[in-house]
Amino acid sequence: MKRPIEKNRYRVFHPKLTFLLTSIDQKGKENVMALAWATPISEEPPLVAIAVGKESLTARNIHKTKEFVLNVPNEKLLSAIWICGTKSGREMDKFRQAKLTKEKAKFVKPPYIKECLGHIECRVKKIVDAGECFLFIGEMVYLVVESNAFRNFWQPSANVVLHFGGKKFTTPR
C-alpha cells in the first residue's frame, strides 16, 4: 500500500552524498558546514547546484565572495560532519572544534579540508531564491580526488558518507 508523504518530503531523494562545504568571508575568515543538498545540473558547462539555508553564515559568505569548495569526507569524519552540521560558525571555529586541517585550494579562496577524499572548487554563476534556501549554481572549475577512492565512480572501499536525513547516515559498505 502506498501512502502520501506530508512531512520531510525531501527525504524521498535521499540517501545523498554528504559534503563538507567550505566558504570564506570578504575578510578571509573561513567557515565549514555539512551539506547533502548538492547535485550536478550540467556537464557543459560543468555546473553544480547547492541549497544552503538563507540565514546561515555559509550563505552569507558565498553570496559575498561567489566561491565555495565541496569537500568529500569518508566515514572517519562522521563526528566532524556532525559538528559542522549542528554548530554555527558565528559561535565557534568549526575547523578547530572538528579537528579539520585547512589546505589551500588551487583556484578559489575557500580552503580544502585535508582529511577529505576529494575537493570540488566552484565559482557561483547564479543565485536563486528558493524558499528558506538560496540555490547557488556554481561552475566546477577544478576537481581533485584520491585516486584509490575514485575510479570513474566512488569506490565502495572509500566509505563516502551518505545522508538519509536527520541523524541518519550510512556508507556504501
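Student: How much space lies in the second largest pocket?

Tutor: The model is a predicted one. In it, the second largest pocket holds about 420 Å³ of space.

Student: Which residues lie nearest the centre of that pocket?

Tutor: A lining residue is one with an atom within 4 Å of a pocket point. Here 19 residues line the second largest pocket, and Leu 17, Phe 19, Pro 40, Ile 120 and Trp 154 lie nearest its centre. Two or more lining residues come from each of strand 1 (16-17), strand 4 (38-42), strand 6 (67-72), strand 9 (118-130) and strand 10 (133-145). Strand 10 gives the most, with four residues.

Student: How does the lining of the second largest pocket divide by class?

Tutor: That lining has 15 nonpolar residues, three polar and one charged.

Student: Which element gives the most to the lining of the largest pocket?

Tutor: Helix 2 does, with five residues. At least two lining residues are supplied by each of strand 3 (30-35), strand 5 (47-53), helix 1 (57-65) and helix 2 (78-86).

Student: How many residues in the lining of the largest pocket are nonpolar, polar and charged?

Tutor: The lining of the largest pocket contains 14 nonpolar, 12 polar and three charged residues.

Note on methods
Residues are numbered from 1 along each chain as its sequence is written. This is a predicted model: local features need pLDDT of at least 70, side-chain atom pairs count only at pLDDT 80 or more; totals for chains, interfaces and linings use all residues. Side-chain values use heavy atoms; hydrogens and water are left out. Ala, Val, Leu, Ile, Met, Phe, Trp, Tyr, Cys and Pro count as nonpolar, Asp, Glu, Lys and Arg as charged, and the others, Gly among them, as polar. On a 1 Å grid over the protein atoms alone, a cavity is a set of points where a 1.4 Å probe fits but cannot get out, and a pocket is an open set with protein on both sides within 12 Å along at least five of seven lines; lining residues have an atom within 4 Å of a point. Grid points are joined across faces, edges and corners, and a volume is the space filled by probe spheres set on the points.
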